[in-house]
Amino acid sequence: MNIVKSLLLIYSLLAMPTLQCSQSCFCRKYFTLRIRTQIRGQYKNILQQNNGALISNRNQISFAGNQFNRSPLRSEVYYVNGGRGYTSQIIGRYLIIDLPQTYEINTIIFWVYDRDATLRRFNLQVYIQNSQGQRQLIYQNTAATSITKIKFNDTFVKQILFYNNNGSSLNQYLHFLNLQAYFDF
Ligand SMILES: *[C@@H]1O[C@H](CO)[C@@H](O)[C@H](O)[C@H]1NC(C)=O
Ligand SMILES: *[C@@H]1O[C@H](CO)[C@@H](O)[C@H](O)[C@H]1NC(C)=O
């Protein structure tokens, strides 16, 4: 985010509620910007459990660890070892995240299990889906490792789906430590 955009953003957030937008074109522009900020999740990571994002097919996913460190939507992502801090899903299964509203985003970050002596390579796909149920493949890789950042065109998204296409270089599982999605300037 560059300086001008940051300033516009701050201005729109602070000044807008007190202004009447009936006349000024200047004002209308900032009103639009404010709405846009909202639909873009305030330009923050929208995949947070305390923001209402949830794994809607949680019964099909295993979570290693206790309730404080096993969700890929948590902020505390560094307490991970062989027995805690990641999800498991078998081949042919999705991990589906439902967002509390439609968001406009263009970036997704996923972090797959990377605590082996040799870096594990995962065969997976990532889809985004809008509120009409139209699904779009935005990423696939047969050898994804550690942290990957996916960039795509600005898109209105209601669900994000992570598919285990063919396990990893070690076994049949797909493991996530952390997932993030946001609108990047
Ligand atoms: C992304 O947007 C650009 C510009 O509008 C367009 O040319 C391109 O085809 C789009 N890419 C995808 C994957 O939709
Ligand atoms: C899936 O992975 C296994 C084990 O690595 C491999 O033998 C098999 O050919 C792969 N299947 C496909 C469809 O790529």
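Predicted model: local features only at pLDDT ≥ 70, side-chain atom pairs only at ≥ 80, totals over all residues.
## The nonpolar core

Let's start inside. The largest nonpolar core has 30 residues, and the ones touching the most other members are Ile 46, Leu 47, Phe 110 and Phe 176.

Leu 47 is worth a look on screen. Once you set aside its neighbours within four places in sequence, Leu 47 is in contact with Ala 53, Leu 73, Ile 97, Leu 179, Gln 180 and Ala 181.

## How the strands pair

Now for β7, which pairs with both β4 and β5. With β4 the pairing is antiparallel and covers 13 bridges. If you want a spot to check, Trp 111 sits opposite Ile 147 in β7.

The β5 and β7 strands also run antiparallel, joined by seven bridges.

## Helix α2

Does the length of α2 come out above, below or in line with what its residue count predicts? Helix α2 covers residues 25-39, and at 1.5 Å a residue its 15 residues should span 21 Å. The end C-alpha atoms are 21 Å apart, so the two values agree.

After α2 comes Gly 41, which has a positive phi, near 65°.

Key: Residues numbered from 1 in each chain as written. Chains lettered and ligands numbered in written order. Core = buried A, V, L, I, M, F, W, Y, C linked by C-beta atoms within 7 Å. Buried ≥ 20, exposed ≤ 12 C-beta atoms within 10 Å, placed from the backbone. Contact = placed C-beta atoms within 7 Å. Pairing = 2+ DSSP bridges. Helix = DSSP H or I, 4+ residues; strand = E, 2+ residues; numbered from the N terminus. Expected span 1.5 Å × (residues − 1).
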